[in-house]
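Please examine the sequence and the three-dimensional model shown below.

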Amino acid sequence: WFVLLLHCRLDQRHRDLEALHGFTAVVAQSIDLADVARTSLDEALRLFRGTRGLLQVYDEVGGLVIDHAVGMPRIVGPTGRPDQRWSHVIEGDQAMFVDAGRGVVVASRNVGPSTGVAVPVRDRGEVIGLLVIADRTGVVEAFGGDDLARATTPADQLAVGLRNALLHAGMERAAMSDPLTGDLNRTAFDRAVADEIRHLHPGQVGAVLMLALDRFKDINDTLG
């Protein structure tokens with residue numbers, strides 16, 4: 001029985017390594033930020049055989065852009081990159097063991113085995129995301145030292161996909177907003193109207209409300 005168990009565990013690790021090679025192709029399928037986050041977390045859960053997971057994406061100042069979680073109870077992550085409760089994980093340079101009980105990471109440890117793994121996603125030295133995988137299934141249910149080493153590879157691959165998606169989202173925002181005020185521009189207005197018309201049901205009608213401010217032209221001509 002002991003020999004059979006060792007064989008099953010070795011076979012499982014071989015399958016995990018094969019799945020790791022396909023992670024890059026899956027992440028690179030889209031440049032839409034929401035799609036990349038959703039697909040990447042699903043693939044990471046499949047790769048590590050996790051049943052609960054969390055993927056967060058941060059902007060330039062550490063604000064939360066994407067907070068995508070899978071499984072119940074939901075894993076409660078940091079409120080943003082500058083969160084003292086998670087500083088030991090986010091500021092770390094490698095994956096760490098976490099205990100994701102009751103949906104909250106209640107402790108971190110540097111020895112395994114553990115119920116979860118958390119790894120910061122870095123791009124050019126900057127943390128742009130956080131990946132948490134918890135509650136593993138399979139022959140090897142707990143996360144061990146090998147998983148910490150393996151988690152770094154998909155995190156590095158994920159960083160490339162997230163960076164490309166963030167750049168694309170930034171360019172799209174620039175194309176849809178006024179550079180001075182940040183308000184939506186005519187292109188964004190036309191797209192919003194087209195979307196509303198496309199979602200109208202048979203028999204429904206849409207309307208556009210226009211407001212004019214008296215003597216606003218003088219302000220616009222002088223102050224922009």
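In this predicted model, helix α3 passes helix α5 in a right-handed crossing (the near helix is turned clockwise from the far one by less than a right angle). Local features need pLDDT of at least 70, side-chain atom pairs count only at pLDDT 80 or more, and totals for chains, interfaces and linings use all residues. Residues are numbered from 1 along each chain as its sequence is written, and side-chain values use heavy atoms, without hydrogens and water.

The axes of α3 and α5 lie 10 Å apart, at an angle of about 165°. The two helices are therefore roughly antiparallel to each other (over 145 degrees between N-to-C directions).

| Helix | Residues | Residues in the contact |
|---|---|---|
| α3 | 33-48 | Leu33, Val36, Ser40, Leu47, Phe48 |
| α5 | 145-176 | Asp147, Arg150, Ala151, Pro154, Leu158, Gly161, Leu162, Ala165, Leu166 |

Contact here means heavy atoms within 4.5 Å. By class, the contact of α3 with α5 has 10 nonpolar, 2 polar and 2 charged residues.

The structure also holds 1 cavity of 30 Å³ or more (a set of points on a 1 Å grid where a 1.4 Å probe fits but cannot get out). About 50 Å³ of space lies in the largest cavity. Its lining, residues with an atom within 4 Å of a point, consists of Phe48, Val117, Val119, Leu131, Ile133, Phe143 and Ala151. Strands β5 (116-123) and β6 (126-136) are the elements that give two or more residues to this lining. The lining has 7 nonpolar residues, with no polar and no charged ones.

Methods. On a 1 Å grid over the protein atoms alone, a cavity is a set of points where a 1.4 Å probe fits but cannot get out, and a pocket is an open set with protein on both sides within 12 Å along at least five of seven lines; lining residues have an atom within 4 Å of a point. Grid points are joined across faces, edges and corners, and a volume is the space filled by probe spheres set on the points. Helices (H or I, at least four residues) and strands (E, at least two) are DSSP runs, numbered from the N terminus. Ala, Val, Leu, Ile, Met, Phe, Trp, Tyr, Cys and Pro count as nonpolar, Asp, Glu, Lys and Arg as charged, and the others, Gly among them, as polar. Axes are lines fitted to C-alpha atoms, for helices over the stretch in contact, and angles run from 0 to 180 degrees between N-to-C directions. Angles under 35 degrees count as roughly parallel, over 145 as roughly antiparallel, 65 to 115 as roughly perpendicular and the rest as oblique.
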